[in-house]
Amino acid sequence: MTAPALARSTPFARRKSVVLTIVMSLFILYTLLPLFWLIINATKTQGDLFTTFGLWFGDSFNLWNNIVETFTYRDGIFLRWLGNTLLYVVVGAGGATVLATMAGYGLAKYNFRGRKAVFAVVIGAVAVPGTALAVPTFLMFSQLGLTNTPWAIIIPSLISPFGLYLMWVFASDAVPTELLEAARMDGASEMRTFFTISTKLLMPGIVTVLLFAVVATWNNYFLPLIMLSDPAWYPLTVGLNQWNAQATGAAAQPIYNLVITGSLLSIIPIVVAFLMLQRFWQSGLSAGSVKQ
């Protein structure tokens with residue numbers, strides 16, 4: 001590019017850079033403002049929530065008292081809900097990751113009859129929203145007598161069409177076929193090859209699928225809402241909504257300060273998981289994007 005052309009393009013590039021900066025700043029503000037509001041209001045008492053400005057601190061800093069009261073309210077039911085959520089995440093999301101990894105690897109590295117049909121089914125399942133399947137799933141589990149049990153949440157969480165598709169695409173490039181053939185020539189069984197060689201190469205994709213499954217299970221609301229009627233088996237999402245509903249009705253007992261504090265506590269594990277596994281997640285998304 002000649003010097004005059006470069007000079008003519010510089011003002012446009014600067015204007016474009018300013019516009020992009022403004023857009024990204026607005027996006028960051030839109031993303032962080034609800035979190036800032038949540039942190040600020042978790043430090044307020046019930047009275048300060050309605051008498052002070054929502055985006056600044058109240059008359060007293062009540063965060064520690066709110067945390068203690070959240071964990072002790074109604075004999076510590078919040079801890080029970082937290083334990084339930086961890087159970088659903090560990091068994092459901094963990095199982096979904098294992099199944100998606102093994103199925104995606106098998107579909108990517110083995111040729112068999114009906115493989116294209118399976119691909120079409122997986123793509124179709126990705127396009128179906130989970131809420132559309134909630135009512136049919138409830139009717140089926142009701143016939144089996146599994147409603148109002150942890151299995152009503154765990155079993156549906158084990159199926160992750162998107163995770164399967166992601167592992168299928170990732171395994172196609174991440175695991176060289178020549179490496180598998182070399183392992184077979186050395187006498188390694190298929191299972192040994194998968195667990196000792198392939199899983200190490202698939203680790204970025206596995207962590208990526210795990211993060212998606214954990215977030216989906218942790219934030220699952222509609223399925224537990226229709227499947228569970230016993231508060232002892234509620235996850236945090238349904239339990240906090242039940243606390244929020246106490247503010248309405250004839251015998252209203254609003255505890256908005258506990259709802260907000262509980263919401264803040266409930267997102268901490270997800271934030272920690274993303275921060276710890278971020279490097280795997282980033283490499284998992286970029287792997288296979290560039291061919292040699």
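Thr85, Tyr88, Ile153, Thr217, Trp218, Asn220, Pro224 and Pro235 line the largest cavity of this predicted model. A cavity here is a set of points on a 1 Å grid over the protein atoms alone where a 1.4 Å probe fits but cannot get out, and lining residues have an atom within 4 Å of a point. Residues are numbered from 1 along each chain as its sequence is written, and side-chain values use heavy atoms, with hydrogens and water left out. Local features need pLDDT of at least 70 and side-chain atom pairs count only at pLDDT 80 or more, while totals for chains, interfaces and linings use all residues.

**The cavity**

- The structure holds one cavity of 30 Å³ or more, and the space in the largest cavity comes to about 40 Å³; such a volume is the space filled by probe spheres set on the grid points, which are joined across faces, edges and corners.
- Helices α4 (77-109) and α10 (190-218) each supply at least two residues of this lining; helices are DSSP runs (H or I, at least four residues), numbered from the N terminus.
- Sorted by class, the cavity lining has five nonpolar, three polar and no charged residues. Ala, Val, Leu, Ile, Met, Phe, Trp, Tyr, Cys and Pro count as nonpolar, Asp, Glu, Lys and Arg as charged, and the others, Gly among them, as polar.

**The two largest pockets**

- A pocket, by contrast, is an open set of points with protein on both sides within 12 Å along at least five of seven lines.
- The largest pocket holds about 880 Å³ of space. Its lining counts 28 residues, and the closest to the pocket centre are Gly130, Pro156, Ser157, Ile159 and Pro161.
- Helices that each give at least two residues to the lining of the largest pocket include α5 (115-127), α6 (130-144), α7 (151-157) and α8 (161-174).
- That lining has 20 nonpolar, eight polar and no charged residues.
- The second largest pocket has about 270 Å³ of space, and among its lining residues are Val215, Trp218, Leu236, Asn244, Ser263 and Ile270.
- Two or more residues of that lining come from each of α10, α12 (236-245) and α13 (256-286), with α13 giving the most, five residues.
- Its classes are seven nonpolar, five polar and no charged residues.

**Aromatic rings**

- The whole structure has 13 aromatic pairs, meaning rings of Phe, Tyr and Trp (its six-membered ring) whose centres lie within 6.5 Å; planes under 30 degrees apart count as stacked, over 60 as edge-to-face and the rest as tilted.
- Tyrosine 73 and tryptophan 243 make an edge-to-face pair, 5.3 Å centre to centre with 90° between the planes.
- This pair links distant parts of the chain, 170 residues apart: tyrosine 73 is in the loop between α3 (63-72) and α4, and tryptophan 243 is in helix α12.
- Tyrosine 73 counts as buried because its relative accessibility is 17%, and tryptophan 243 is buried too, at 1%; buried means under 20% relative accessible area, exposed over 50%, partly exposed in between (1.4 Å probe, protein chains only).
- Tyrosine 105 and tyrosine 110 also pair edge-to-face, at 6.1 Å centre to centre and 80° between the planes. Tyrosine 105 is buried at 3%, whereas tyrosine 110 is partly exposed at 29%.
- One aromatic cluster is formed by Phe71, Tyr73, Phe78, Trp81 and Trp243.

**A charge over a ring**

- Arginine 80 lies over the face of tryptophan 233, 5.0 Å from the ring centre; the cut-offs are NZ of Lys or CZ of Arg within 6 Å of the ring centre and within 35 degrees of the ring normal.
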